[in-house]
Amino acid sequence: MGIKRKWMLLSAIIIIGLLGAGVWYYMHLQRAAAPEEETPLQTIEIWEQVNQRFATGTTEQLVLWRKDSQELYVQHNQLYYSPGKEEAPVLLQQWASSLPAQAFVNGNYLLIGAQTRTASASQTEPAGLWLAIELAEKPKVVEKGEQFFGPNEIVASAFTQSANLFSFTMKLQNSLTQRIYDPANNRWHQVSDKPIPGEELALFEKDNAVHYLQQQESYELSEDETMDVFDDSGSSLVYFSNPSKEMLRFDGYELLVARPIHKPDQTLMILGHLRDSAGNEAAVFFERADLVLPIDERLWQGKWLAVDPYNFVQITSEAIDVLQYEEGFASIDNEPVYKQFQLGAAKLISENGLLAEFEVEGKKQLLHFYDLVHTEADTLDSIWAEWMQDPDVQAVDNSELDPVWENHIIVEWSGEERNANAEVPPALQRAVDELYSDSDYVFAKTYRYLQSTWYVLVEKDFYQYQNNKLTKLGEWPVTIEVAIGEGASGFGAMDFVKLEQGWLVADTKANRVIKLDRDMKIAAELSVPVPSKLIVKQGSVHIESLLNEIVTDLDLLMMETNMQEFKAVTAVVDQDYLKPRQWYKDEASGLVWYSFMGRLFQYDEQNEQFKSAFLGISRNAHAKAQIFPYKDTIAVMLDHRLELFDREGNWLGDIQFPRSEPDGIYDRTPEAENKAIIDEAAGKIFLVQGYRILSIDLELKQATSLFRQNYAEIADMQMHDGKLYLLLHNHIEDRYHYSNPVGDESQQSYYSELVQIDPADKHIERAIAEGFYRRIVWLQQEIDEVEEGNEEPAQSFEKIVFLKAEEAR
């Protein structure tokens with residue numbers, strides 16, 4: 001009986017246990033069947049696992065994600081997806097060894113980072129292996145790659161609910177670095193690298209909480225692209241759904257308000273009004289992190305068109321408003337300029353991209369917005385344009401559009417590796433290079449070995465070299481000129497000599513010779529055109545000045561001017577790649593004039609003798625010197641000055657026309673740069689210099705600006721029937737977008753503009769044609785139709801033809 005009671009008691013305990021298990025199982029099923037609560041980590045079994053480190057080599061099954069019967073778990077250096085329902089698990093990832101790791105879930109994505117090594121401050125070596133998994137109906141790996149950081153370096157993490165972004169802040173040796181993973185585009189964004197002093201950096205401790213970035217604004221920029229702005233602890237993060245665009249961070253700026261402004265292609269540019277913690281406010285255009293400009297309240301009112309990030313246009317019934325920031329100057333000090341053009345009787349008909357069509361006194365007129373924002377005129381009269389329908393166009397081989405080169409017999413000239421009067425000791429060269437290492441910029445350097453001591457002038461800094469030591473003696477008041485080509489080079493004083501009481505210096509770029517006392521102050525000076533060489537002998541100074549020699553006393557008082565003497569030619573070469581006007585033969589005197597390697601030569605072929613002197617090079621190194629006759633003179637022209645000589649080589653004077661800002665130079669050099677047209681009857685030269693056309697009067701010896709349109713590409717200039725014609729592309733960047741289109745640029749419309757200028761009164765007329773053309777020519781065209789019975793010979797007329805490259809689209 002006792003045994004039976006014991007069995008009954010045991011049976012009751014078992015039954016109660018089974019009933020309890022059944023109730024627990026039922027409640028569990030009920031919870032599983034209930035709608036899931038929307039939380040950022042909704043499917044992770046244990047919340048804390050997201051912010052706790054785990055080892056990939058764990059022997060226990062560590063579930064990272066579970067939904068219904070589906071699971072993602074780690075065990076024995078393997079990541080599995082288990083579909084459930086008695087299906088076999090699928091291996092998604094295998095690690096070679098046990099690594100410290102961390103998992104993060106945001107919306108439909110799981111991100112796992114495994115530490116492979118300690119991160120380096122240089123960020124050049126991978127330290128973490130990162131795995132992104134899309135939690136779809138059947139989870140799959142969508143991105144796997146190495147990064148310079150692993151979970152060990154993360155001090156803070158944050159998510160966004162829209163776009164499912166993962167933001168990580170890492171603490172490295174001396175900086176805080178932020179990177180954001182964008183699962184929609186499977187890419188990492190480099191957001192910021194912020195150097196932090198060591199004592200402050202130590203204050204940043206690991207924050208294991210997961211934070212959410214508050215979304216401030218969201219805009220649909222186009223049918224295929226959105227832009228979101230998030231607040232990140234007082235800074236603004238900007239995310240574009242377009243995978244080709246980087247995320248932007250405006251550090252320390254919070255967004256107050258934003259407004260969309262249409263661009264010419266009808267997509268949106270978002271203008272933001274930001275404020276930092278000190279109360280400073282700025283305008284930003286969210287496509288450009290580097291473009292922070294001062295606020296102008298007018299941009300928050302009305303209906304503006306963003307021609308580009310610097311230029312804004314608004315058309316009202318009475319006027320056109322232009323708000324213009326200085327292009328390329330991204331600074332809070334870049335105060336905008338406001339201009340207004342009265343429309344008068346002109347009525348807007350339509351807008352299409354960068355073109356607006358108006359009715360002006362019963363006639364249709366076009367206005368190109370780049371003509372508008374970059375004109376120097378106060379009215380619209382000189383920028384109205386007509387539409388050229390069906391212009392005559394010829395496609396030509398690219399070779400017909402390439403620069404023209406010539407070859408000629410010239411005196412052999414090797415030039416000098418450096419400006420020195422003796423071989424420079426290697427130790428001196430190394431000492432100078434340590435202070436002034438040439439890279440994209442080559443410093444102006446003049447070495448002289450004088451009275452058993454080496455001296456070197458680098459730009460304005462003057463040094464003595466003794467006992468293997470370079471000692472700075474002071475700064476000289478000389479002028480430095482910079483030539484810009486593929487890189488940049490400085491040019492300064494070409495020569496100096498030592499006197500008992502100081503120095504004589506050929507201040508070449510200032511067109512003077514100066515005498516410096518022992519304190520390196522100017523004691524005397526003499527105006528001399530392009531002085532390049534000084535020789536002191538028998539108490540006098542002999543100065544090489546172009547093709548002449550000027551003689552003075554030691555105080556630079558003039559004594560006489562002589563012609564430079566001819567020297568015997570020892571060898572000649574057949575030189576290729578000379579520009580057509582770089583070489584000129586004066587049939588009257590038999591002398592050949594040419595420029596080569598920054599020098600001007602006079603070459604007497606018959607008597608085998610020559611002269612040469614330093615001339616200099618153009619400020620835009622792409623522009624070669626040009627030589628041409630004018631009446632009884634020879635003009636030698638660089639892109640910023642013109643020297644006049646008589647036929648024998650005596651210098652007669654110069655005309656200065658310095659380049660101006662903004663300038664079309666370096667990668668913005670216009671295709672027609674340095675093209676010159678000589679109107680001998682009017683005594684004028686018309687020259688393309690950057691964004692302007694100069695009129696150089698050879699009689700009055702002065703230069704004036706005839707036409708200017710900043711940031712425009714002057715592709716060609718011709719003269720016909722006393723009028724100048726320019727082929728204009730309204731923005732210099734058009735040639736790059738046209739030749740190498742990116743994305744929608746392949747569908748972009750391009751325009752060529754024909755500008756007619758009357759040099760006499762500066763009257764301007766414009767016409768616009770659709771297409772991207774490179775040259776303009778005038779061709780004879782015969783009239784085909786002749787009336788029956790008319791025996792008059794066929795007539796012809798000249799028509800303008802646009803040339804384009806054959807392979808152009």
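In strand β35, the bridge partner of A420 is Y447. This pairing belongs to a predicted model, in which local features need a pLDDT of at least 70 and side-chain atom pairs count only at pLDDT 80 or more, while totals for chains, interfaces and linings use all residues. Residues are numbered from 1 along each chain as its sequence is written, and side-chain values use heavy atoms, with hydrogens and water left out.

The protein chain contains 5 helices and 68 strands; here helices (H or I, at least four residues) and strands (E, at least two) are DSSP runs, numbered from the N terminus. Of its 809 residues, 49% are buried, where buried means under 20% relative accessible area, exposed means over 50%, and partly exposed lies in between (1.4 Å probe, protein chains only). The chain exposes about 40800 Å², and carbon and sulfur atoms supply 47% of that area; accessible areas come from the Shrake-Rupley method with a 1.4 Å probe, and for residues only the protein chains shown count as cover. Among contacts (heavy atoms within 4.5 Å) with a separation of 6 or more, 47% link residues 24 or more positions apart.

How confident is the predictor in this chain? The average pLDDT is 87, and 89% of the residues score at least 70; pLDDT is the predictor's confidence in each residue, from 0 to 100. Residues 1-7 stay under 50, and the model has 0 contacts beyond four places in sequence for them. The pLDDT is also below 50 over residues 12-50, a stretch with 26 contacts in the model beyond near neighbours in sequence. Where pLDDT is low, the predicted coordinates should not be read in detail.

Strand β33 (residues 419-420) runs parallel to β35 and is joined to it by 2 bridges; two strands are said to pair if DSSP finds at least two bridges between them. Strand β36 (residues 453-458) runs antiparallel to β35, with 6 bridges between the two. One of the residue pairs here is Y449 with its bridge partner W454 in β36. The hairpin of β35 and β36 has 2 residues between the strands, and Q451 takes a positive phi near 50°.

A second hairpin is made by β27 and β28, again with 2 residues between the strands, and G353 in its turn has a positive phi of about 65°. Strand β27 (residues 347-352) and strand β28 (residues 355-360) are antiparallel and joined by 5 bridges. Within this pair, K347 stands opposite E359 in β28.

Two open sheets come next. In one, 4 antiparallel strands follow the order β2-β3-β4-β5. Its edge strands, each pairing on one side only, are β2 (62-67) and β5 (90-94). Neighbouring strands of this sheet are turned by 15° against each other on average, direction ignored; axes are lines fitted to C-alpha atoms, for helices over the stretch in contact, and angles run from 0 to 180 degrees between N-to-C directions. Strands β4 and β5 run antiparallel and share 4 bridges, and the bridge partner of L79 is Q93 in β5. In a regular strand the side chains alternate between the two faces of the sheet.

Q78 lies in strand β4 (residues 78-82). Is Q78 buried or exposed? Q78 counts as buried because its relative accessibility is 17%. Its side chain makes a polar contact with the side chain of Q94 at 3.2 Å; a polar contact is a pair of N or O atoms within 3.5 Å, and within protein one must be able to donate a hydrogen and the other to accept it, with residues adjacent in sequence counting only if both atoms are side-chain atoms. Leaving aside residues up to four places away in sequence, Q78 touches T56, Y73, L91, Q93, Q94 and W95.

The other open sheet has 4 strands in the order β41-β42-β43-β44, with antiparallel pairing. Here β41 (495-499) and β44 (522-527) are the edge strands, each pairing on one side only. Strand β42 (residues 502-507) pairs with strand β43 (residues 512-516) over 5 bridges in the antiparallel sense, and W503 has L516 in β43 as its bridge partner.

Finally, N620 lies in the loop between β54 (609-614) and β55 (626-630). N620 counts as buried because its relative accessibility is 0%.
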